[in-house]
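My notes are below, as numbered points to read alongside the model.

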Amino acid sequence: MAAHFDLLIRNGTCVLPWGSEDTDVGVRDGRIAALGVGADASADKVIDATGLHVLPGLIDPHVHLRDPGDKAVETIPTGTRGAILGGLTTVFDMPNTSPSITDPEQLAWKQDYAENVAWCDMGLYVGGTKTNIPTLPSLELGRGVCGIKIFAGSSTGDLMIEDDEHLEKAMRSGRRRIAFHSEDEYRLQARKPLFKSGDPYSNHMVWRDEECAFLGTRRLMALARKTGRTAHILHVSTLQELDYLKDFRDIATCEVLVNHLTQVAPDCYERLEGFGVMNPPIRGQEHMDAAWKAINDGTVDTIGSDHAPHPRDKKLLPWPDCPAGLTGVQTLVPIMLDHVNAGRVSLARMVDLMCAGPARVYGVVGKGRLAAGYDGDFTLVDMKRQRRIEESWIAAPCGWTPFAGMQITGWPVATIIRGQIVMRDDEVLGAPSGKLVKFIG
């Protein structure tokens, strides 16, 4: 008897863990039921993927959807809508909201809210503070929690643990990998009086210089080694850190942002002004070159967008009065596909960084690869499609992107989550049906 599926993806080139193959995929009950399907198989829905690459559902492990917060800037409904339009099936959302997600009550609210309004699947970070350290072991095991996030240097929001004493206590409280914003707060504050309002926007990378980031990472690695607690260093931005982290592979993983692979100083500040200001800063060419080298030698584990929207009028303020943070959840996949087409990285390595990497680092259950039994999450891409990024396409209420006008080769044409087609050719389909991701405890 011929096999029947809920969804069949025919005639595509599938990027599998063991290589790319022209094969058909069958999905049943939200999971991949078969790789390689007979010609006589049928399905309730069939997608003809001729000329397309079928990727495992891509993951952005670093977004700030600002919910709860200012709905005129971003929300979980609008942010996850942008995610699926951009070809993402899953995002991990940061805790520095208003109020921050640092206790069981706020976490419970966000868990229930996300599963009612999200267009894609979500993981949730819980913020570590000096006062909630005793509760971190239970919070990190909460439903849908991808991990604890600690700001070792100040950024947007009120979350921070800057001193070694409390950082060590946090590392000894719990057992899952902790994600760190690594900048040295003491150096930041000591250098702040050197600058004034109206200084060039490029002074952002002078104030938050390479040593600020490298010192923060050295301190965190010393504490990780001392406590044995595994760490994930977010948005690594310097060649010094990338070289240094090679000696800590037993206890540390790291992330690089698409911005640090795409934008370079001082051009970004001259061209974008406040719309080029983020933490840690976009730096010079030598740091971009080091980031690409680390991508291709395996040092880097994940790529994220650090999608962090702010109101347009605030980004137009002089430096340093303009807030730090750039939009990116919707543009991450197209820009990385463009990098693939430019020969900077292979498609297989991109998939590793945006699927298997986040799954491995955070302990995701059932996502991260095309394999039987895994969730039926797929990102279908046309590697030849050429398109310009336009702000009219951006779903975030703030309405801007630092990549406006960028010409792209390679574009996501369909997003499928647990066998349900949620985006096809720029059209959002159905209703929000995102779920919280499951993680290994």
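1. Let me begin with strand β11, residues 145-151, in this predicted model. How many of its residues are buried? Seven of its seven are, so the strand is mostly covered, with buried meaning under 20% relative accessible area.

2. β11 has partners in β10 and in β12. Strand β10 (residues 121-127) runs parallel to β11 and is joined to it by four bridges; here Val126 stands opposite Ile148 of β11. Strand β12 (residues 178-181) is also parallel to β11, again with four bridges, and in this pairing Ile150 stands opposite Phe180. As a reminder when you look at the side chains, those of a regular strand alternate between the two faces of the sheet.

3. Please also look at the open sheet of seven strands. Its order is β3-β2-β7-β16-β17-β18-β19, and its pairing is mixed. Which strands stand at the edges? They are β3 (19-22) and β19 (427-428); each has a single partner strand, so one side of each is left without a neighbour in the sheet. At the β19 end, two bridges join that strand to β18 (residues 420-424), and the two run antiparallel. Arg424 has Glu427 of β19 as its bridge partner.

4. The largest nonpolar core has 108 residues, and within it Met336 and Met354 touch the most other members. Beyond its neighbours within four places in sequence, Met336 contacts Val258, Leu261, Trp292, Ile303, Val345, Met350 and Met354.

5. Pro280 sits in the loop between α10 (267-272) and α11 (285-297). Is Pro280 buried or exposed? With 2% relative accessibility, Pro280 counts as buried, because the cut-off is under 20%. Leaving out residues within four places in sequence, Pro280 contacts Glu183, His235, Ser237 and His260. His204 is 76 residues from Pro280 along the chain, yet their C-alpha atoms are separated by 9.0 Å.

6. The other is Glu391, in the loop between β16 and β17 (407-417). Glu391 is partly exposed, at a relative accessible area of 28%. Not counting residues up to four places away in sequence, Glu391 touches Arg312, Gly399, Trp400, Thr401 and Ala404. From Glu391 to His235 the separation is 156 residues in sequence and 25 Å in space, C-alpha to C-alpha.

7. Finally, the chain as a whole. The model has 14 helices and 19 strands. For 441 residues, a compact globule would have a radius of gyration near 22 Å, and the chain's 21 Å agrees with that. The C-alpha trace spans about 75 × 45 × 40 Å along its principal axes, and 62% of the residues count as buried. Among contacts between residues at least 6 apart in sequence, 75% join residues at least 24 apart. The accessible surface comes to about 15900 Å², with 51% of it belonging to carbon and sulfur atoms.

Key. Residues numbered from 1 in each chain as written. Predicted model: local features only at pLDDT ≥ 70, side-chain atom pairs only at ≥ 80, totals over all residues. Heavy atoms only, no water. Core = buried A, V, L, I, M, F, W, Y, C linked by side-chain atoms within 4.5 Å. Buried < 20%, exposed > 50% of the residue type's maximum accessible area, 1.4 Å probe, protein only. Contact = heavy atoms within 4.5 Å. Pairing = 2+ DSSP bridges. Rg over C-alpha atoms; globule rule 2.2 N^0.38 Å. Areas by Shrake-Rupley, 256 points an atom, 1.4 Å probe, with all protein chains shown as cover.
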